[in-house]
Amino acid sequence: MKNNKFIIFGFLGFAVVLLGIQLSSHPLIESRMYTCGECRLHRDSRRIFSVVISNSTIETKCSSWYKSQYGNDHKHVWILAPLIQYKNINGDGKASITLSKGESLWALSSDEQLQYLKNSIGQDRSIRLEIIKKLYKATLQDDKEAATSTLIEIKQTLK
Ligand SMILES: [Zn+2]
């Protein structure tokens with residue numbers, strides 16, 4: 001009788017260890033990266049089976065500069081990155097899926113956006129900010145034509 005219990009618990013323990021190994025290597029965690037269209041603060045939203053388990057914001061050079069210039073009272077407009085990554089418990093990326101939405105604004109890096117806004121020294125910054133807003137609105141509405149022409153307009157001033 002004592003031996004049977006030992007065998008059963010031995011099997012259960014073995015199964016738990018196997019399951020743990022399997023789960024730790026399996027890409028269960030979905031990582032979605034967002035950027036704020038206006039200040040380019042990043043947000044990493046992680047989910048397991050569609051349940052949000054963490055939301056962390058990541059400062060960029062642009063978001064720090066934006067805060068110092070315009071303050072911190074705007075409502076962030078989150079735009080999803082064109083790539084969703086799947087990670088295991090150790091945080092290693094195992095797989096990803098590519099989306100078409102979000103590409104327009106993400107095609108302009110936060111460093112480029114910072115440079116674009118900084119280049120307006122001596123001019124009215126609000127005009128440049130309005131053009132950035134035009135780009136993220138076109139991205140949100142999936143208006144590819146407006147997004148492409150605005151992106152070209154911005155990129156040309158960076159050369
Ligand atoms: Zn923002």
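In E4, Tyr 34 has Leu 80 as its bridge partner, and this pair belongs to the seven bridges that join E1 to E4 in the antiparallel sense. The model is a predicted one, in which local features need pLDDT of at least 70, side-chain atom pairs count only at pLDDT 80 or more, and totals for chains, interfaces and linings use all residues. Residues are numbered from 1 along each chain as its sequence is written. Helices (H or I, at least four residues) and strands (E, at least two) are DSSP runs, numbered from the N terminus, and two strands pair if DSSP finds at least two bridges between them.

**The sheet**

- Five strands make up an open sheet in the order E3-E2-E1-E4-E5, with antiparallel pairing.
- Its edge strands are E3 (51-58) and E5 (93-98), each of which pairs on one side only, and the twist averages 25° from one strand to the next, where axes are lines fitted to C-alpha atoms, for helices over the stretch in contact, and angles run from 0 to 180 degrees between N-to-C directions.
- Strand E4 (residues 78-87) is joined to E5 by five bridges, the two running antiparallel, and Ile 84 stands opposite Ile 97 in E5.
- In a regular strand the side chains alternate between the two faces of the sheet.

**The two hairpins**

- Strand E1 (residues 29-36) pairs with E2 in the antiparallel sense over seven bridges, and the bridge partner of Thr 35 in E2 is His 42.
- The hairpin of E1 and E2 has five residues between the strands, and Arg 40 there takes a positive phi near 65°.
- Strand E2 (residues 42-48) is in turn joined to E3 by seven bridges, again antiparallel, with Ile 48 standing opposite Val 51 in E3.
- Two residues lie between E2 and E3 in their hairpin, where Phe 49 in the turn has a positive phi of about 50°.
- How many of the eight residues of E3 are buried? The count is zero, and E3 is hardly covered; a residue is buried if 20 or more other C-beta atoms, placed from the backbone, lie within 10 Å of its own, exposed if 12 or fewer, and partly exposed in between.

**Helix H5**

- H5 has 16 residues and reaches 23 Å from its first C-alpha to its last, close to the 22 Å expected at 1.5 Å a residue, the expected span being 1.5 Å times one less than the number of residues.
- Its buried residues are Ile 132, Leu 135, Tyr 136, Ala 138 and Thr 139; seen down the axis of H5, they fall within an arc of 160°, so they line one face of the helix, the arc being that of the directions from the helix axis to the C-beta atoms.
- Those buried residues pack against E4, H3, H4 and H6, with two residues taken to be in contact if their C-beta atoms, placed from the backbone, lie within 7 Å.
- The face of H5 turned away from its buried side carries the exposed residues Ser 126, Ile 127 and Glu 130, and just after H5, Asp 142 takes a positive phi of about 55°.

**Helix H6**

- In H6, Ala 147, Thr 150 and Ile 154 are buried, and because the buried residues fall within an arc of 75° when seen down the helix axis, they line one face of H6.
- These buried residues pack against helix H3 (103-106), helix H4 (110-118) and helix H5 (125-140), whereas Glu 145, Ile 152 and Gln 156, on the other side of H6, are exposed.
- Glu 153 lies in H6 and counts as partly exposed because 13 other C-beta atoms are within 10 Å; its C-alpha atom is separated by 8.9 Å from that of Ile 131, 22 residues apart along the chain.
- Lys 155 is placed in H6 (residues 144-156), and its C-alpha atom is separated by 66 Å from that of Ile 8, 147 residues apart along the chain.
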